[in-house]
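Work through the exercises below with the coordinates at hand. Each task is followed by a solution in steps.

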Amino acid sequence: MTVDVVLPCLDEAEALPWVLARVPAGWRAIVVDNGSSDGSAAIAAGLGARVVEEPRRGFGAACHAGLLASDAEFVCFCDCDASLDPGLLPGLVGSVADGSADLVLGRRRPTGRGAWPAHARAGNLALAWLLRRRTGLRLHDLGPMRAARREALLALGLSDRRSGYPLQMVVRAADAGWRVDEVDVPYLPRAGRSKVTGTWRGTWQAVHDMRKVLDEPVPAGGGRP
């Protein structure tokens with residue numbers, strides 16, 4: 001079993017040593033540098049990660065560049081800001097590998113003050129409710145930690161390159177009949193300031209991007225990976 005961990009990165013020099021040290025032994029870390037100015041790419045390379053440059057700004061652009069760079073059987077995604085522990089990923093991959101799920105998401109459980117600002121949590125709850133209306137999936141969180149088979153993910157034809165990418169993955173997986181599950185994971189106060197949900201404006205811009213994803217028509221056909 002081969003596993004790659006895609007880590008979208010924008011100015012995460014402070015967090016990278018902790019994050020990369022937590023990637024399970026034998027798994028490859030793919031750090032996708034999305035235009036960092038703090039030396040993140042050099043730090044990641046020095047710590048043994050494969051570094052992929054993605055000049056187009058956007059969370060989805062960085063995630064998809066990492067997916068395209070992978071050649072592993074399984075691909076995981078995880079934030080690169082030390083808010084989520086990559087050491088927990090084997091539990092998610094195990095559920096996909098044993099056939100009990102096709103896509104597994106980490107449901108964030110805050111562990112300290114400031115780990116998940118109120119405005120970001122409110123936006124996430126609203127999107128989870130809209131997702132349930134659109135797909136029937138009873139998920140509580142659309143967090144960035146997740147795992148699936150690489151070839152199946154590529155077959156979803158993901159096209160969003162902004163903040164809607166994580167939601168589009170779930171929506172298209174549901175439309176294709178995938179079994180989507182979530183497991184609790186501790187959510188830690190991040191290192192540094194969030195580029196997306198650190199402000200009300202950033203949160204609602206992300207919600208706007210994701211609303212466009214929810215408006216996509218339901219395709220005909222589909223099928224499990």
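**Conventions.** This is a predicted model in which local features need pLDDT of at least 70 and side-chain atom pairs count only at pLDDT 80 or more, while totals for chains, interfaces and linings use all residues. Residues are numbered from 1 along each chain as its sequence is written, and side-chain values use heavy atoms, with hydrogens and water left out.

**Exercise 1.** Determine how many helices and strands the chain has, and what percentage of its residues count as buried.

Step 1. Assign helices (H or I, at least four residues) and strands (E, at least two) as DSSP runs, numbered from the N terminus. The chain has eight helices and seven strands.

Step 2. Apply the accessibility classes: buried is under 20% relative accessible area, exposed over 50%, and partly exposed in between, with a 1.4 Å probe and protein chains only. Of the 225 residues, 54% count as buried.

Step 3. Take contacts (heavy atoms within 4.5 Å). Among those between residues at least 6 apart in sequence, 76% join residues at least 24 apart.

**Exercise 2.** Decide whether H5 and H7 are roughly parallel or roughly antiparallel, and name the residues that make the contact.

Step 1. The axes of H5 (residues 118–135) and H7 come within 10 Å and cross at roughly 20°.

Step 2. Angles under 35 degrees count as roughly parallel, over 145 as roughly antiparallel, 65 to 115 as roughly perpendicular and the rest as oblique. H5 and H7 are therefore roughly parallel to each other.

Step 3. On the H5 side the contact is made by Leu127, Leu131, Arg134 and Thr135, and on the H7 side by Leu167, Val170, Val171, Ala174 and Asp175.

Step 4. Count Ala, Val, Leu, Ile, Met, Phe, Trp, Tyr, Cys and Pro as nonpolar, Asp, Glu, Lys and Arg as charged, and the others, Gly among them, as polar. The contact residues then divide into six nonpolar, one polar and two charged.

**Exercise 3.** Find how many disulfides the structure holds, and examine Cys76 and Cys78.

Step 1. With a disulfide taken as a pair of cysteine sulfur atoms within 2.5 Å, the structure holds zero disulfides.

Step 2. For Cys76, the nearest cysteine sulfur is that of Cys78, 8.6 Å away. Cys76 is buried, with a relative accessible area of 0%.

Step 3. For Cys78, the closest cysteine sulfur is in Cys80, at 8.1 Å, too far for a bond. Cys78 is buried as well, at 1%.

**Exercise 4.** State the phi values of Asp11 and Ala82, and classify each residue as buried or partly exposed.

Step 1. Most residues other than glycine have a negative phi.

Step 2. Asp11 has a positive phi of about 55°. Asp11 sits in the loop between S1 and helix H1 (16–21) and is partly exposed, at 29% relative accessibility.

Step 3. Ala82 has a positive phi of about 70°. Ala82 belongs to the loop between S4 and helix H4 (89–97) and is buried, with a relative accessible area of 13%.

Technical notes: Axes fitted to C-alpha atoms, helices over the stretch in contact; angles between N-to-C directions.
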